[in-house]
Amino acid sequence: MLRIHELTVSFGEKRVLDSFSLTLPGEGITALAGPSGCGKTTLLRTLAGLERPAGGTFTLPGEAVLLFQEDRLFPWRRTGEQIADVLPRARRQEVGKFLSLVELEGEEDRPIQILSGGMRRRLALARALACEGGVYLLDEPFTGVDKERAGRILERIRALGKPVLLSSHEEGVLALADRVVHLEGPPLRLREL
Ligand SMILES: Nc1ncnc2c1ncn2[C@@H]1O[C@H](COP(=O)(O)OP(=O)(O)OP(=O)(O)O)[C@@H](O)[C@H]1O
């Protein structure tokens, strides 16, 4: 289970999470949907341990891996190296598997500067998925990725069998999730449908 209990996070005077609570099954793909600025990134960053809550608790189904909203690739490393760098030595042969998962096979030796924005986003996603973890927190994983491709990639992510909590504005992505949590805010709250 993923349990969030009365979580409160503020930036100065601004309360982005105000006693926010949510319980989700600890498996499958959960999508967080909501307007820009409602607090989805703040929630994901807090669950990843990057924001310090003023109050409340949460439990995750395993160690969190966060895909940042920004790509944060290493500028001096080639496409395949971005993934090799996060794999333990014994799993280095899996670079190709993660490149194929995001449809970047054959790009292994390319400098990242010549990749398109959508390709860089897919590479950042592959790198996050290559990290060992118990739950994957993916902040807008498909920015700049066309919807057919995003759908195919999401099905491959599902096959990895790890719980995923992602934020997305894409209807196509929301339609493929096992469940969608509709949000509004700030402060972040469940949207009554
Ligand atoms: N470090 C920060 N300092 C001050 N305010 C912040 C900070 N981070 C986020 N906020 C504010 O918190 C609110 C929620 O932002 P957040 O990025 O969590 O929303 P979001 O739902 O992820 O939006 P988007 O879909 O555009 O990424 C916004 O009003 C934002 O300005």
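What follows is a short chat about a predicted model of a chain with a ligand.

Colleague: What are the ground rules for this model?
Modeller: It is predicted: local features need pLDDT of at least 70, side-chain atom pairs count only at pLDDT 80 or more, and totals for chains, interfaces and linings use all residues. Residues are numbered from 1 along each chain as its sequence is written, and side-chain values use heavy atoms, with hydrogens and water left out.

Colleague: Which residues come nearest to the ligand?
Modeller: Ser36, Gly37, Thr41, Thr42 and Gln69, out of 13 residues around the ligand. Near means that a heavy atom of the residue lies within 4 Å of the molecule.

Colleague: Which element gives the most to that shell?
Modeller: H1, with 3 residues. Helix H1 covers 40-47, and strand E2 (14-24) also supplies at least two residues. Helices (H or I, at least four residues) and strands (E, at least two) are DSSP runs, numbered from the N terminus.

Colleague: How many of the shell residues are charged?
Modeller: 2 are charged, 7 are polar and 4 are nonpolar.  Asp, Glu, Lys and Arg count as charged; Ala, Val, Leu, Ile, Met, Phe, Trp, Tyr, Cys and Pro as nonpolar; the others, Gly among them, as polar.

Colleague: How far is the side chain of lysine 14 from a ligand oxygen?
Modeller: An N or O atom of the lysine 14 side chain is 2.8 Å from a ligand oxygen. For lysine 40 the value is 2.9 Å. For glutamine 69 it is 2.6 Å. The ligand alone exposes 630 Å², and the protein buries 64% of that. Areas come from the Shrake-Rupley method with a 1.4 Å probe.

Colleague: New topic. How many helices and strands are in the chain?
Modeller: The chain has 6 helices and 9 strands. Its radius of gyration is 17 Å, close to the 16 Å from the globule rule for 193 residues, so the chain is as compact as a globular protein of that length. That radius is taken over C-alpha atoms, and the rule is 2.2 Å times the number of residues to the power 0.38.

Colleague: Back to H1. Is threonine 46 buried or exposed?
Modeller: Threonine 46, in helix H1, is buried, with a relative accessible area of 1%. Buried means under 20%, exposed over 50%, partly exposed in between (1.4 Å probe, protein chains only).

Colleague: What is threonine 46 in contact with, beyond four places in sequence?
Modeller: Leu7, Val9, Glu51, Pro53 and Phe58. Contact means heavy atoms within 4.5 Å.

Conventions. Polar contact = N/O pair within 3.5 Å; in protein donor to acceptor, adjacent residues only side chain to side chain.
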